[in-house]
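Here are my notes on the model, as numbered points. Have the viewer open while you read.

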Amino acid sequence: DIDGVGHKYHLELVLEDVLDKDSTVNCTAEILYHLGNKNIAPDVQFTIEGELKNTDEADNIFYNRIKSLEKELVAENIPDNHGNISPEMEPVRLLAWVASGYVIWQNSTENTKFQLAQIKHVKQVKRSDEYLEFDFMILLHEMVSQEIIPWQMTVLWHPQHGVQVTR
Amino acid sequence: MKILLVFTSLVAAACSEQLFVGDQVLRITASNEEQIALLRALDEQTELQVDFWRHPTSPLRVPFPSLQAVQTLLESNGISYSVMIEDLQKLLDEEKKAMAKSRRTERSTSTFDFASYHTMDEIYDWMDTLVADHPNLVSKLQIGQSYENRSLYVLKFSTGGSNRSGIWLDTGIHSREWITQATGAWTANKIAEEYGQDPSVTAILDSMDIFLEIIANPDGFAYTHSSNRMWRKTRSINAGSHCVGVDPNRNWDAGFGGSGSSSNPCSETYRGPYAHSEREVKAIVDFILGHGNVKSVISIHSYSQMLLYPYGYKTAPAPDHQELNEVAKKAVSDLAVVYGTKYTYGSIVDTIYLADGTTIDWTYNNGVKYSFTFELRDTGCYGFILPSTQIIPTATETWAAVLDIMVHVLEHPY
């Protein structure tokens, strides 16, 4: 409890690779939730002990595949209502997951717990530069209120430059 | 849709081996009384064997031998017609093939695909086959009706006796939690299979009854299939609001109306106008009170991977919290052994959040000591849309925990 500022949490956590459950990395973090104004995202400081796996190969395969599509990618309901995802859409889901992480961070308070529930719609936006751009309509599930919140986000990605959520 | 209705009657006929090779179905347009009278007369000409599907005008099935005569009759009287179906038998053969294909894997309990998600009708049909396959163990009860008048069915597992102590399980009270209804079906099958095989299940059923309501919120479940996969609540209409539905796990009379539920009909945790306002909830309340001898209630939800006991509406520990905690600890540990899935456990308020009007708080306050809620897989990766490949692993590991609870109930009568 920090008077006049907010609540600070010290966390020790283990990061686990979603695609390789045996690959883990320790992490420490400090989160500061600001008092009062709920429009400010919590401050996050973190240290990773060790290195995250290199994903260049998979990134480049995905990047090149999208770049070489004749028509812009369009898809709905990822996963579908039965939880199925085609292998081609799996990287799209992962991208949405990462981007939604940013959205969740920006909208989190001590009384919220958000998860990405489903991608309702994704549309690739044509670009003249090297970035890939996708317009997502996602559903976020907020655990405490149990509400399903639709959210629109525009995501830029490049293998070397990472993820940016511009809207 | 009209065509489908027509086909079912024909298929029934086909199954009793009447064939319609070369028969045609004509659509007739009678334009005056004279023509209608003519068609009636045609119907009476029994040697032609024409078959009006909707008296006295179209569609009309004409057997192959009579085709030429009928066509001549229509044409010479200026009655216009068109050929709807050129060869009825061909169409019937194709339809039968398609239906057989989709029914093939579901004709008996041993071929119901537990590894996929099903519609309500498929689950209800399968329930009937389960009862038929185990007539001395399983029966189906109706405990009431939903808001939209769907039957609320409960499977009763009993080896006899008279008002034996009971264990109650429900799945699907929150309709979007599809892994729970799927787990309920698998579990019902497991119980039926294991009686006489597994010593624990046999011991339990030799002195107690098990009640399992697989689809506790059928209106919501139908809605998740037809319209909104993310629907949670009932489908009752709220007076004065355009928002539909009440959270059936905030509608129970235990701490009803507190800050752990909402007074807003548009909210996912709307408590309802009063406790037990929802027919789906009232039916279970009436059943448990009427039975009078229920010793355990296990209400199954998803997701979060938790095993919870009362209370949710207050922070004060339940009188039996120590024992319940021990039971939960063992159950969760045995669950983890199966596939390594980690659960947390504790009271609702300590482990998940403040929630009032919940199922197990009410059952606990009404004499059901062993009241537990499960939150099944996962922890948010897929959430409500858990891949169907995880159904059987989830059901299998959950069974280890459920069995632990049931054995404890058996060994600790009260």
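1. B:K190 comes out as buried, because its relative accessible area is 17% and the cut-off for buried is under 20%. Bear in mind that this is a predicted model.

2. What does the side chain of B:K190 meet in a salt bridge? The partner is B:E194, with 2.9 Å from N to O. B:E194 is buried as well, with a relative accessible area of 17%. Both sit in helix α6 of chain B (residues 178–194), and because they are 4 residues apart there, about one helical turn separates them.

3. Chain B has another pair to look at: B:R377 and B:E397 form a salt bridge at 2.8 Å, N to O. B:R377 is in the loop between β12 (370–376) and α13 (391–411), while B:E397 is in helix α13 itself, so the bridge ties together parts 20 residues apart in sequence. Buried or exposed? Both residues are buried.

4. Over in chain A, salt bridges with shared partners join A:D17, A:D20 and A:K53 into one network. For the whole structure, the search over all chains gives 18 salt bridges.

5. Chain A also shows a nonpolar surface patch of about 390 Å², built from A:V44, A:F46, A:Y102 and A:W105. Strand β3 (43–49) and helix α2 (90–107) each contribute at least two of the patch residues. A:V44 is in β3 and counts as partly exposed, since its relative accessibility is 36%.

6. On the overall make-up, chain A has 2 helices and 8 strands, running β-β-β-α-β-α-β-β-β-β along the sequence. Chain B has 13 helices and 12 strands. Buried residues are 35% of the 167 in chain A and 56% of the 414 in chain B.

7. Now take contacts between residues at least 6 apart in sequence. In chain A, 47% of these join residues at least 24 apart; in chain B, the figure is 73%.

8. A last item on charge: chain A carries 14 positive and 27 negative charges, and their mean positions are 8 Å apart.

Note on methods:
Residues are numbered from 1 along each chain as its sequence is written. Chains are lettered from A and ligands numbered from 1 in the order in which they are written. This is a predicted model: local features need pLDDT of at least 70, side-chain atom pairs count only at pLDDT 80 or more; totals for chains, interfaces and linings use all residues. Side-chain values use heavy atoms; hydrogens and water are left out. Patches are made of residues with over 30% relative accessible area and no salt bridge: like charges are joined within 9 Å, nonpolar side chains (Val, Leu, Ile, Met, Phe, Trp, Tyr) within 5 Å. Accessible areas come from the Shrake-Rupley method with a 1.4 Å probe; for residues, only the protein chains shown count as cover. A salt bridge is a side-chain nitrogen of Lys or Arg within 4 Å of a carboxyl oxygen of Asp or Glu. Buried means under 20% relative accessible area, exposed over 50%, partly exposed in between (1.4 Å probe, protein chains only). Contact means heavy atoms within 4.5 Å. Lys and Arg count as positive and Asp and Glu as negative; His and the chain ends are not counted. The place of a charge is taken as NZ of Lys, CZ of Arg, CG of Asp or CD of Glu.
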